[in-house]
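Reader: I have a model open and want to learn how to read it. Please take me through a few features.

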Amino acid sequence: SSHCQVRCVLCGSRFGRASSVARAMSMLPRGPLPRLLPLAACLPGAVLSSESSFVVYSAPVQLRYGQVYNHMQDTMPLPEEVVARYASGETLMAISGFDVDMVRRDPYGSESQVKLSDHYLYHYAVNLGGVSTMRKMFEAAASDKELHHMLTGCHAMTRAGVHSFLDGLDLAEPGMHHRSTASFGSAAGAEYRDNPQRLEAPYRLLVERPEVWAPLVHIINTNRQTKHRSQSWSPLIECPCTPQRRINVSAGTVDGKVAFPPIKCSAEFAATGNPSCHLATYVGGWRCCEHGVFVVDTDKECADPQCSEKPVDEVFMKFTFFYEDAKPRMRGIENAACCDVTGVTQGFENIEYDIPACPAGTPPESCVHVAETVQPLGFFGKHPRSPKSRFSGSDLVDLVFAAPHLHIAGISIELFDAVTNETICEVRRALHDDGGVAYGHGSAPGDERGYLVGLSTCRWDESSARRYRRDHPMRTRAVYNASHRHTGVMSLWLMQVSPVGEPDFLV
């Protein structure tokens, strides 16, 4: 594709997109939990001969100007025909990808796309699976404050919640092969309309008895034109800490609540003096962007703290999933443990950081901020981030999918094999937006002027996927334009790996 000149064997391009609220989790059936079948189960009967798709919508997101929605919604049923097809457990759903959109819907069923400059998607995550496992997960979260934080709000960007929960089930019920829940997204955000989420065969997200889904949505209402603004994008998308945020440095709290996960960078990144690594110097980012808060100064902008005089707008997230019946030799996947430039170990660390502005007089070509780190590729046991994992660092995985994540002012992000220095995947801003990092130039949804609107993805099939130990070191290098200060930026790789030699991942 002319839209993707990413260094990888197979890479993403600009795909076209295929074109209810139900009872909450508390109302799900409470009967005996069915035994989960191993993923090696045979698949009798007719199978789908080609890829199918289904569309689901989030519950409505209602916001006033400057308000934040950052919330895990209640579970909702999947389409009846999808549930019925896989209800017996004899056939597994094999998800090959998904598309994301944000829309308005009228009472007559018509819909229209919503611009980034109207409602900004900061990030999203989706959990999809069987009632029993989803119920177990949310019931566990209700009694475990840490797990609750890991599954909801901004902490879900670490992708640690579902991973930790399933590891715990594997320990509690060995041999049960708990793969009936799949998670998607996490830190992916504004690039959602041009960020192809596709897997190459034989790799698939394998789900047993899919029945329900639950989206986590983080959106900011930026729907107001501001005259004389120096840049085309809204400053609200960087989540400024307004005067209404009560930051207590000694207590480590924002608005009376301990920041979770704690504001903490790796020692190496903290040594750079980045302001985001310490609450005392924190001035903007997702810790000031929690559910229900406003990222405008409500004393100046509104008649009361809740801006009740401003109109309420309503939007929906729209997800289109592509799937087929699992076939022999398909292989399952899991989230990788890498990469976040603010960390050096398994999983994400602080996730966000600031881009300080260059000193006055710095030549434009030198006015950049560079961040670099090395982390292990996969999750493995005897580590604080995955203490319940049954895997060891020497176990092998295939790297099958890599999605970059940058914010406004991002120029490039690269993924290297830290041992050989081979470039595994790379995207960068180019004159004609053909380097994998695309900025908008117009006014249509997906091409909003000045916004980062696209990030190409890398993916590999079985013949081209690179095989590594789980503890193999991967290096990330991210470059941002530093002509102006930016808060809460991210430089992440959201990747998927497929375990090697694991029978419960083979069909």
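Reader: Which strands each supply at least two residues of the lining of the second largest cavity?

Author: First, the ground rules. This is a predicted model, where local features need pLDDT of at least 70 and side-chain atom pairs count only at pLDDT 80 or more, while totals for chains, interfaces and linings use all residues. Residues are numbered from 1 along each chain as its sequence is written, and side-chain values use heavy atoms, leaving out hydrogens and water.

Author: Now the general idea. Rolling a probe the size of a water molecule over the atoms shows where empty space is left. A cavity is a set of points, on a 1 Å grid over the protein atoms alone, where a 1.4 Å probe fits but cannot get out; lining residues have an atom within 4 Å of a point. Strands are DSSP runs (E, at least two residues), numbered from the N terminus. Here the suppliers are strand 6 (93-105), strand 9 (181-186), strand 10 (197-198), strand 20 (396-405) and strand 29 (492-499). Strand 6 gives the most, with four residues.

Reader: What volume does the second largest cavity have, and which residues are closest to its centre?

Author: Its volume is about 200 Å³, counted as the space filled by probe spheres set on the grid points, which are joined across faces, edges and corners. Of its 20 lining residues, Phe98, Phe184, Gln197, Phe401 and Gln496 are the closest to the centre.

Reader: How do I read phi and peptide bonds?

Author: Most residues other than glycine have a negative phi, and most peptide bonds are trans. In this chain, a cis peptide bond joins alanine 201 and proline 202, with omega about 10 degrees. Proline 202 sits in the loop between strand 10 and strand 11 (205-207). Another cis bond joins cysteine 338 and cysteine 339, with omega about 20 degrees. Asparagine 421 has a positive phi of about 70 degrees. Aspartate 433 also has a positive phi, near 55 degrees.

Reader: Is aspartate 433 buried or exposed?

Author: Buried means under 20% relative accessible area, exposed over 50%, and partly exposed in between (1.4 Å probe, protein chains only). Aspartate 433 counts as buried because its relative accessible area is 11%. Asparagine 421 is partly exposed, at 46%.

Reader: How much confidence does the model carry?

Author: Look at pLDDT, the predictor's confidence in each residue, from 0 to 100. The chain's mean is 84, and 79% of its residues reach 70 or more. Over residues 1-45 pLDDT stays under 50.

Terms used
On a 1 Å grid over the protein atoms alone, a cavity is a set of points where a 1.4 Å probe fits but cannot get out, and a pocket is an open set with protein on both sides within 12 Å along at least five of seven lines; lining residues have an atom within 4 Å of a point. Contact means heavy atoms within 4.5 Å.
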